[in-house]
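Here are a few friendly notes to read alongside the model. Please keep the structure open as you go through the points.

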Amino acid sequence: MAEIHIPTGAPTISPTISKPCSPPQHGGTSLNLMVLLAAIVCAFLCALGLNTTLKCVFQCANRVLTEPLQWIASRRLNSGLKKKEMVALPTSIYAPSSGSPPSSSDSSNCAICLAEFCDGDKIRFLPKCNHCFHVEHDQVQ
């Protein structure tokens, strides 16, 4: 018979109970704390935004329900030009610039009805922004 020779110091297989693998515990608590803190800050900011939005909605609704006619009338009185101011704006007769194609900087369209000006149209223009409109539009109330 043949003899089996096992060298000394060779690893042997023996039944042992091994511990299950677990992730390292360093920094786990601080990470959980950071996530919790971020969630609290986000919730606070969302609540603050919702509070501000609801406050605005309730104020506007209250104003519309309690003072509808006065509020609308005051908005109309405080917006736009008065008739005297509009009539005082400079007027001219439209004449297209010769030889140049229409461009976006060229005011060849009415700012109110968006129609193109025709040769000889009476137009009125706003001095600060140079928007032009037909004189007939200032007759409409």
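1. First, a word on confidence. This is a predicted model, and the protein chain has a mean pLDDT of 77, with 65% of its residues at 70 or more. Confidence is highest in helix α1 (residues 28-66), at a mean of 90, and lowest in helix α2 (residues 68-77), at 68.

2. Please take care with residues 100-105. There pLDDT stays under 50, and the model has one contact beyond four places in sequence for this stretch. Where pLDDT is low, the predicted coordinates should not be read in detail.

3. On the overall layout, the protein chain has three helices and three strands. Along the sequence they follow the pattern α-α-α-β-β-β.

4. Burial and surface come next. Of the 141 residues in the protein chain, 9% count as buried. The chain exposes about 12700 Å², and carbon and sulfur atoms supply 65% of that area. Among contacts between residues at least 6 apart in sequence, 44% join residues at least 24 apart.

5. A detail worth a look is the aromatic pairing, with a count of one pair. Y94 and F117 form this pair, which is tilted, with 5.3 Å centre to centre and 40° between the planes. Both residues lie in the loop between β1 (91-93) and β2 (122-125), so the pair ties together parts that are 23 residues apart in sequence.

Conventions
Residues are numbered from 1 along each chain as its sequence is written. This is a predicted model: local features need pLDDT of at least 70, side-chain atom pairs count only at pLDDT 80 or more; totals for chains, interfaces and linings use all residues. Side-chain values use heavy atoms; hydrogens and water are left out. Rings of Phe, Tyr and Trp (its six-membered ring) pair if their centres lie within 6.5 Å; planes under 30 degrees apart count as stacked, over 60 as edge-to-face and the rest as tilted. Helices (H or I, at least four residues) and strands (E, at least two) are DSSP runs, numbered from the N terminus. pLDDT is the predictor's confidence in each residue, from 0 to 100. Contact means heavy atoms within 4.5 Å. Buried means under 20% relative accessible area, exposed over 50%, partly exposed in between (1.4 Å probe, protein chains only). Accessible areas come from the Shrake-Rupley method with a 1.4 Å probe; for residues, only the protein chains shown count as cover.
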